[in-house]
Amino acid sequence: MRRGVLIGTIAVLCAASAASAGIAATWRAAIHPDDRVRLLGLWPAWTSAKAKAIVHGETADWTALGRLAEPAAAADGEWPAAGAYRCRVVKLGARLPGQPDVAAPTDFPCAVTNDDGVIGFAGHNAFQSSTGTLYPDGERMVFLGAMTLRGDMSRFVYGADPDRNEVGVLERIGPARWRLVLPWPRFQSTLDVVDIVPAS
């Protein structure tokens, strides 16, 4: 009897492990080749953006962001539960001359959803929205999403248009605080960092 229980327990654990591995592998199967390159370039994006801030005299602005702008600030802990959140995005490393390398944060409402284990993220401001899926991947989550601009006739989904695709990494950086780091976005900046905290 005990042997049967043990075998059953092992089978359940193996099945759970396989299911988790399957979820983690999904982003690898779904990711666009260009986005894979952007994701692999996460660390160079950090270093490039910070170098620009230093060269243009914005080191104090970078430092003022605290853990949000520390590349190695990720900590172990729980992922955000489904619910309403408050987000602010900071654009780092300007692409165009004359633009700040540490742009003023922009606040907007955002949300995390959980649909039978599929975790989604959505954020909306006056000019654009971002929606996509968060995939567990070890100590981080990989985000594959799409940007929809104000005036678009319909909402974009990941893979519909490579120029609208967004790719990034979600990390926990404190108690009830996470950041979504988007390397090499298509427009404006070298790195977008989204600060995520509960709405209330």
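This is a predicted model: local features need pLDDT of at least 70, side-chain atom pairs count only at pLDDT 80 or more; totals for chains, interfaces and linings use all residues.
Q: What pLDDT does the chain average?
A: The average is 87, and 88% of the residues score at least 70. pLDDT is the predictor's confidence in each residue, from 0 to 100.

Q: Where is confidence lowest, and where highest?
A: Helix α1 (residues 2-30) is lowest, at a mean of 47. β7 is highest, at 97. Over residues 1-22, pLDDT stays under 50. The model has 0 contacts beyond four places in sequence for that stretch. Contact means heavy atoms within 4.5 Å.

Q: How many helices and strands does the chain have?
A: There are 4 helices and 8 strands. The order from the N terminus is α-α-α-α-β-β-β-β-β-β-β-β. Both kinds are DSSP runs, numbered from the N terminus: helices are H or I with at least four residues, strands are E with at least two.

Q: What share of the residues is buried?
A: Buried residues make up 40% of the 200 in the chain. Buried means under 20% relative accessible area, exposed over 50%, and partly exposed in between (1.4 Å probe, protein chains only).

Q: Which residues touch the most other members in the largest nonpolar core?
A: Trp46, Trp62, Leu92 and Leu191, out of 25 residues. A nonpolar core is a set of buried Ala, Val, Leu, Ile, Met, Phe, Trp, Tyr and Cys residues joined through side-chain atoms within 4.5 Å.

Q: Which elements give two or more residues to this core?
A: α3 (42-55), β1, β5, β6 and β8. The largest share, 5 residues, comes from α3.

Q: What does Leu92 touch, leaving out residues up to four places away in sequence?
A: Its contacts include Trp46, Ala49, Trp62, Leu65 and Leu191. Asp101 and Ser189 are also among them.

Q: What other core lies apart from it?
A: One of 17 residues, among them Val112, Met141, Leu182 and Val194.

Q: Switching to rings. How many aromatic pairs are there?
A: The structure holds 3. Tyr85 and Trp178 form one that is edge-to-face, at 6.0 Å centre to centre and 85° between the planes. Rings of Phe, Tyr and Trp (its six-membered ring) pair if their centres lie within 6.5 Å; planes under 30 degrees apart are stacked, over 60 edge-to-face, the rest tilted.

Q: Where do Tyr85 and Trp178 sit?
A: Tyr85 is in strand β1 (residues 83-94) and Trp178 in strand β7 (residues 177-183), 93 residues apart. Both Tyr85 and Trp178 are buried.

Q: And which geometry do Phe121 and Phe143 have?
A: Edge-to-face again, at 5.9 Å centre to centre and 90° between the planes. Phe121 lies in strand β3 (residues 118-124) and Phe143 in strand β5 (residues 140-149), so the pair ties together parts 22 residues apart in sequence. Phe121 and Phe143 are both buried.

Q: Which ring does the charged end of Arg164 sit over?
A: That of Phe156, 4.4 Å from its centre. The criterion is NZ of Lys or CZ of Arg within 6 Å of the ring centre and within 35 degrees of the ring normal.

Q: Is Glu171 buried or exposed?
A: Buried, at 13% relative accessible area. Glu171 is in strand β6 (residues 165-174). Beyond four places in sequence, its contacts are Ala74, Trp79, Trp178, Arg179 and Val181.

Q: What is phi for Ala176?
A: About 55°, positive although Ala176 is not a glycine. Most residues other than glycine have a negative phi. Ala176 is in the loop between β6 and β7, and is partly exposed at 40%.

How values were computed:
Residues are numbered from 1 along each chain as its sequence is written. Side-chain values use heavy atoms; hydrogens and water are left out.
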